[in-house]
Amino acid sequence: MKKSLSMLVIGILLFSGAWLRAAEEQKAAEEYDEDTYGPLAPIIWEKPVKSVVFEHKNHTRGAGLECDSCHDELFPMEAGASAEKEDFTMETLYNGGYCGACHDGDTAFASNKRCTVCHIGVRGQARLSGSSDAAAEHGAKK
């Protein structure tokens with residue numbers, strides 16, 4: 001009897017915790033204002049290398065930056081415009097351009113350190129997009 005009661009209490013606690021977490025996540029999503037904080041969906045860059053993820057919320061809500069901290073001086077507001085530029089390379093980032101303007105080792109972690117924070121790889125991209133195609137293509141010859 002004690003074991004059944006203990007299992008019931010544990011079950012109720014686990015269910016309550018999961019319910020509270022789901023309610024908090026829903027509230028956070030409802031409170032997110034894309035006009036203030038930028039798009040909620042992550043941006044997955046294909047250049048300068050494939051599978052680089054950028055999330056506006058980490059920079060606006062997380063780091064307290066305003067949209068004009070990066071737009072239009074470092075990045076044009078138009079989606080994909082930076083990737084079309086010839087100088088959109090890792091070397092430019094390392095020399096203080098684009099992301100490297102802040103990711104310099106002083107303002108934020110250096111662009112040549114902690115690579116996997118941004119570079120999520122092909123499998124990470126597949127997980128974000130909900131697709132298994134990217135992981136299957138990883139070993140494919142082109």
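Residues are numbered from 1 along each chain as its sequence is written, and side-chain values use heavy atoms, with hydrogens and water left out. Because the model is predicted, local features need pLDDT of at least 70 and side-chain atom pairs count only at pLDDT 80 or more, while totals for chains, interfaces and linings use all residues.

Leaving aside residues up to four places away in sequence, Val52 is in contact (heavy atoms within 4.5 Å) with Ile43, Ile44, Trp45, Cys118 and His119.

Next comes the surface. Leu14 lies in helix 1, residues 2–31 (a helix being a DSSP run of H or I, at least four residues, numbered from the N terminus). Leu14 counts as exposed because its relative accessibility is 60%.

Last come the cysteines. No disulfide (a pair of cysteine sulfur atoms within 2.5 Å) is found anywhere in the structure. Cys67 is in none, and its nearest cysteine sulfur, that of Cys70, is 8.8 Å away. With a relative accessible area of 29%, Cys67 is partly exposed. For Cys115, the closest cysteine sulfur belongs to Cys118 and is 8.6 Å away, so the two are too far apart for a bond. Cys115 is partly exposed, because its relative accessibility is 41%.

Conventions. Helix = DSSP H or I, 4+ residues; strand = E, 2+ residues; numbered from the N terminus. Buried < 20%, exposed > 50% of the residue type's maximum accessible area, 1.4 Å probe, protein only.
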